Amino acid sequence: MYCLLRPCYRLSYRIVSKFKYIILSISFIMILNYFGAFTHMFEVMYDEHFSYPYNGDIHEFVNALRYNQKPSVDPINVYNYSFLHNNEEKCVESARTKFRIVYIIKSAIENFERRMAIRHSWGFEKRFFDVPSRTVFILGIHHQDEELQAKIKLEATKYKDIVQANFIDTYYNNTIKTMMGFKWAVKYCSNSKFYMFVDDDMYVSVKNVLRFIRNPTNYPDYLKEPKKISQKREIRYSYESTRNFSHVSNYVNENENNYSITRDISNTSTNVKDELHSDANLIKLSEVTSATKENVSNLDYSLENQLTTMILNNNNSDNTQNIFTKLNDSINEEIILKDISSSSLISNETESLIRKKRQVFDFELPEDVRLFAGFVFVSSPHRHRSSKWYVSLEEYPYHLWPPYVTAGAYILSREALLDMYYTSFYTKHFRFDDIFIGLVAKKADIEPFHCEEFHFYKKDYTKFNYKYVISSHGYGNPNELLHVWNEQKALGNA
């Protein structure tokens, strides 16, 4: 046998030796092509030539759809899936005409334990009694798995938070899942100011979400403690209630024209009362702030800000005096703001601080704001064929993606949700949901807003470094999520 094959071996060796450089070159070229080296050479410059179907101005068509009119050009992309569980009564409540935020959680159909952990942590709808919110889980289906579908039916009946559509639940159908979440929100739950889309393996701080949507541009800086103005400043209280506060009233009246206050804090005194009972004789401002911030309607006022705002909301010294008298009567304690200087109760530095804090705490985004916020990326398509996220030039020819937000967690205002939902009707389908939403935002002329506290990776956890975290990926273990969330809740961070 060897004698028969020996001539073939010799011939093959001669051929390889003769053409070895050609063979090596071809192999090298094939490797480069596999990893997309040549594909990059044929990419189109995004900044100069970007256009994505539907090609042309679509704003007229989008406005027509928003106001139930027939557009002059038919949509090119409609997700015509039906809801198996639509939960149409979820956002109908006689006591509430509008919700602050709705959490739409993209969950895999089999992740029962993750959904249960979310219900018992950040998905609990009554986390803050004075902040109306709703939580739903958006699911697909598994083909011909009747046993699993029966479990989903029981879950939907018991918890009334399941929204399920009849698309196959796979990774590459995440765009469909996202847009069915949009569709549900527009059709059945359009009475919320904000919407947060979240994956079911995320840690979310509801408290920080609410802080963020109150003042996105300054988050989290506006929450951080300013430098101490004076080490002499203290809050003392005793069981006497005979102090005269007329000098406070006079000071406020002299400077009332410098202030503009819009927030109503008529219910603050009750929360202050609950937090002031203590046997201590001296409480520093920072300690009072830490003790009270969990219970003051999630507004995170320090006691200094509460009292100062109460003073400044009144137009005369009699009203100011009455506030302090009422507060002292209700809690039977005395609060003294020690003079920083001999000439006035509140120094010029303190006045500036109060103005600054009032500006950030009283800030409220307008109803028509188009907010699309999360962790924003500007990156290039993956052109190497081994990648899970490989994209060919036929699918997308440009060298950059439009700015997009990682799909694990992002927040939309109502106006942004509506504009992006109807814009999607004129945006060619793309299988990666974060890229598709980025394309839709680009076509709707909505610029994504970046915030570092949306962590698309699992942020290293210590007890004290999640204070301002809005969301973090990597909490697929339900027990770990519950542990971290409960620990942060105890610290006042969740």
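Trainee: Is Phe 197 buried or exposed?

Mentor: Buried means under 20% relative accessible area, exposed over 50%, and partly exposed in between, using a 1.4 Å probe and protein chains only. Phe 197 has 1% relative accessibility, so Phe 197 counts as buried. Before we go on: this is a predicted model, where local features need pLDDT of at least 70, side-chain atom pairs count only at pLDDT 80 or more, and totals for chains, interfaces and linings use all residues. Residues are numbered from 1 along each chain as its sequence is written, and side-chain values use heavy atoms, with hydrogens and water left out.

Trainee: Which ring forms an aromatic pair with Phe 197?

Mentor: A pair of aromatic rings is described by the distance of the centres and the angle of the planes. Here, rings of Phe, Tyr and Trp (its six-membered ring) pair if their centres lie within 6.5 Å; planes under 30 degrees apart are stacked, over 60 edge-to-face, and the rest tilted. Phe 197 pairs with Tyr 410 in a stacked arrangement, 5.4 Å centre to centre with 10° between the planes. Phe 197 lies in strand S5 and Tyr 410 in strand S13 (residues 409-413), so the pair ties together parts 213 residues apart in sequence. Helices (H or I, at least four residues) and strands (E, at least two) are DSSP runs, numbered from the N terminus. Tyr 410 counts as buried too, at 3% relative accessibility.

Trainee: How many aromatic pairs are there?

Mentor: The count comes to 33. Ring pairs also build a cluster whose members include Tyr 52, Tyr 171, Trp 401 and Phe 430.

Trainee: What does Phe 430 touch?

Mentor: Take contact as heavy atoms within 4.5 Å. Leaving aside residues up to four places away in sequence, Phe 430 touches several residues, among them Tyr 52, Val 391, Trp 401 and Leu 439.

Trainee: And how do I read a nonpolar core?

Mentor: In soluble globular proteins, nonpolar side chains tend to be buried together. A core here is a set of buried Ala, Val, Leu, Ile, Met, Phe, Trp, Tyr and Cys residues joined through side-chain atoms within 4.5 Å. The largest one has 57 residues, and Phe 182, Trp 184 and Phe 430 touch the most other members. Helix H7 (residues 174-188) gives the most to this core, with eight residues. A second, separate core of 47 residues includes Phe 128 and Leu 481.

Trainee: How many salt bridges does a search of the whole structure find?

Mentor: Side chains of opposite charge can pair when their charged atoms come close. The rule is a side-chain nitrogen of Lys or Arg within 4 Å of a carboxyl oxygen of Asp or Glu, and the search finds 22. Take Glu 367 and Lys 98, whose closest N and O atoms are 2.5 Å apart. Glu 367 is in the loop between helix H14 (348-361) and strand S10 (372-374), and Lys 98 in the loop between strand S1 (83-85) and strand S2 (99-106), so the pair ties together parts 269 residues apart in sequence. Lys 98 is partly exposed, at 34% relative accessible area.
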